Amino acid sequence: MLVMVLIFYLIPLVMTVYLSFTSMKNWNVKYLFDLVGFYNYHRLFYMFQHDPSFKAIVLTTIVFILITLVVNVFGGLGLALGTFFLSDIVGSKFRLLWLLPRIAPIAVYSLVWYYFFHETSIGTLNSILMELGIIHQPIPWGQIIPWGAWSVIIFVNGLVGVSFGMIVFTSALNQIPKELVIAARVDGASAWTISKRILIPLLKWHLLYVLTWQFLSLLTTYCHLFLLVEWNLVNRDYGTTLALYVYNTAFLGGELDQGLAAAVILSVIGVSGGFLTLKLLGFEKMMKRPRGDV
Amino acid sequence: MVRIRLENITKEFGDFKALDGIDLEIEEGEFMALLGPSGSGKSTLLYIIAGIYKPTKGRIYFDDGDVTDLPPKDRNVGLVFQNWALYPHMSVFENITFPLELRKVAKGEIRRKVAEVTEMLKIENLLDRYPWQLSGGQQQRVAIARALVKEPDVLLLDEPLSNLDALLRIEVRAELKRLQKKLGITAVYVTHDQAEALAMADRIAVIKDGRLLQVGTPEEIYERPRHKFVGGFIGNPPMNFLNGFADRGILRIGKSTIPLPKEYESVRGEVIVGFRPHDVEIGEGIEGEVYSVEHLGREQIVTVSVEGEMVKVIVPGDRRFEFGDKVRLKPKKIVLFDKKTETAI
Ligand SMILES: Nc1ncnc2c1ncn2[C@@H]1O[C@H](COP(=O)(O)OP(=O)(O)O)[C@@H](O)[C@H]1O
Ligand SMILES: [Mg+2]
């Protein structure tokens, strides 16, 4: 176990941090001992101040994570509660539909949205709107900056996260003894009151879990974004987050030093963000206090 | 307080018939036990009275009003569950006040009602605790307080004692019955424990496979089961059954014969003979061989093999029986059941 942690986790971590202080390019060992101190970090900071592209990437990362997170958590919660109150059969079929983003391979899933948001009239959205006479010219949704591009990437990733949240919340809801809901209904509580006063408080732990998990995964995922940007569906600057930037710079661009410095910053944000959420929502207290529902 | 009338209640879940044509009347202030094995449809019937399930067929009346289509909240029933279903994230006080809050009862009124009900159930010093800080018995009291605080017309209890340990259960059942009589509230009490039903109920409705087999006072159910199943389900140990043949006032069981009581004189043909372990004398009668003996202090349960069929008899503890002793059993009271339909003759 310890060896595994060492090989797969600790060594890459140390290497990443170390290399971000060198001028490593293209895995060329001649740069391995060329220590440059905080140069790479300084450069990132300089770019943030003066490079409009990089500024856009940072801004996109923040907006993307915050809004997608809210969409994920509340969308997933809403759907889980909605299907919870629907009859079982309808509910389970409806839920299956929402699993599609999880089941479909990333490329296939992204391709669906590529055609949906396509900038010409072959795009589903454009053709529907033109058919309805709402617009007369196809709109290049992903190229409208910043909000067009942001909306597309938030939408596409949001759906994936919503389905994740829904799965977690649904299974959590099914763990709650149904007598709690029956008791409340007999006392005259509406579905809304039952959700607000009983179900959501009992999902506190799961909310925290989904929130943290999604935060960390949004911070680091780039697969969908990579495809959407490569296919030119969304604007390159406003469709790229820091995670994708790290990938592009370090592995495609060959500027390992630069990319890894950004990766280190990303990791620091991730770790501190993770701890912060746990702290804010009283993780420790929750773990220590015996929970009443067990 | 209301009288409940169930008329031809049938409930189907898909293809499965959980309840089949239940007719039952529960008097105002009566303590009615729904007794039956697990899966017989007791909870389903209780949920239909509460309005959580809608019957597939049939009507429900509270007094003379048809409530079949009323949602649970308009029926004014209090419900207590086997697992008590206390809200784990709410304190005892919050749990008890929740039904009142939903009814938008004024703050002062809430405090007064909570004080009243918690005093009655002796839980007034637990108000700040959370459910996980309570013992099983305390949780059960809180659940009852929550059901009673809204002053329901009917109290519905679904196996509320089965999560308590045996000693506490016996203590609580006496208290619960006292409370019900004191309040004069109509109560429907679901249980699979025949001793509980006998001890608490004014009347017992025995349910099996979604059908009502018999309704009657504990004494009636015990003494005059209308169905072989009822006899075999009630009593500890339950009723004994032997195959016999009735002919002209004589009952033949294996090689032995005993006279038939007057009311069965005209019966002829194959029958099932039922008799209670308490209602047997050892003397002359049905031949058998002692199979085992269990001492219970003042009494002993002697299991006797009658041509391969086991019969339990309860006799005073001072007589000694040995394995293999030949004995003759004389049932003092018997009930005859039809061999095919298993209903009482
Ligand atoms: N919501 C339901 N859907 C399908 N079958 C059910 C449902 N509720 C109960 N049943 C079935 O109906 C039968 C009676 O159940 P229940 O009333 O809970 O029995 P009891 O309370 O007597 O143990 C059982 O066989 C059970 O599986
Ligand atoms: Mg039940």
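Mentor: Domain bounds come from an automatic or database domain assignment. On that basis, chain B of this predicted model is divided into domain 1 (4-233) and domain 2 (240-338).

Trainee: How far apart are the centres of domain 1 and domain 2 of chain B?

Mentor: Taken over C-alpha atoms, the centres of the two domains of chain B are separated by 39 Å.

Trainee: How do you know that domain 1 and domain 2 of chain B are in contact?

Mentor: Contact requires heavy atoms within 4.5 Å. By that criterion, 9 residues of domain 1 of chain B are in contact with 7 residues of domain 2 of chain B.

Trainee: How many salt bridges are counted between domain 1 and domain 2 of chain B?

Mentor: The count is 1 salt bridge.

Trainee: Why is the pair of B:E223 and B:K333 called a salt bridge?

Mentor: The term requires a side-chain nitrogen of Lys or Arg within 4 Å of a carboxyl oxygen of Asp or Glu. The closest N and O atoms of B:E223 and B:K333 are 3.0 Å apart, and the pair is therefore called a salt bridge.

Trainee: How many salt bridges does a search of the whole structure find?

Mentor: Over all chains, the search finds 32 salt bridges. One of them joins A:D187 to B:K150, with an N to O distance of 2.6 Å.

Trainee: Where do A:D187 and B:K150 lie?

Mentor: This pair crosses between chains. A:D187 is in the loop between α8 (178-186) and α9 (191-202) of chain A, and B:K150 is in the loop between α4 (136-148) and β7 (154-158) of chain B.

Trainee: Why is A:D187 called buried, and why is B:K150 called buried?

Mentor: Buried means under 20% relative accessible area. A:D187 has 9%, so the word applies to A:D187; B:K150 has 4%, so the word applies to B:K150 as well.

Trainee: What makes B:E7 and B:R5 a salt bridge?

Mentor: Their closest N and O atoms are 2.9 Å apart, and the cut-off is 4 Å.

Trainee: What ties strand β10 to strand β2 in chain B?

Mentor: The side chains of B:R211 and B:D20 meet in a salt bridge, 3.0 Å from N to O. B:R211 lies in β10 (residues 211-216) and B:D20 in β2 (residues 16-26), so the pair ties together parts that are 191 residues apart in sequence. B:R211, at 47% relative accessibility, counts as partly exposed, and B:D20, at 21%, is also partly exposed. Elsewhere, salt bridges that share partners join B:K54, B:R59, B:D66 and B:D69 into one network.

Trainee: What makes β17 and β18 of chain B edge strands?

Mentor: The open sheet concerned has 4 strands in the order β17-β16-β15-β18 (chain B), with antiparallel pairing. β17 (309-316) and β18 (326-331) each pair on one side only. From one strand to the next, the twist averages 55°.

Trainee: How do you know that β15 and β16 of chain B pair?

Mentor: Pairing needs at least two bridges. Strand β15 (residues 280-295) is joined to strand β16 (residues 299-306) by 6 bridges, and the two run antiparallel. As an example, B:V293 has B:V302 in β16(B) as its bridge partner.

Trainee: Why do β13 and β19 of chain B stand at the edges?

Mentor: Their open sheet has 5 strands, ordered β13-β12-β11-β14-β19 (chain B), with antiparallel pairing. β13 (256-259) and β19 (335-338) each have a single partner strand, so one side of each is left without a neighbour in the sheet. Neighbouring strands here are turned by 40° against each other on average, direction ignored. Strand β14 (residues 269-275) pairs with β19(B) in the antiparallel sense over 4 bridges, and B:V273 stands opposite B:L336 in β19(B).

Technical notes
Residues are numbered from 1 along each chain as its sequence is written. Chains are lettered from A and ligands numbered from 1 in the order in which they are written. This is a predicted model: local features need pLDDT of at least 70, side-chain atom pairs count only at pLDDT 80 or more; totals for chains, interfaces and linings use all residues. Side-chain values use heavy atoms; hydrogens and water are left out. Axes are lines fitted to C-alpha atoms, for helices over the stretch in contact, and angles run from 0 to 180 degrees between N-to-C directions. Buried means under 20% relative accessible area, exposed over 50%, partly exposed in between (1.4 Å probe, protein chains only).
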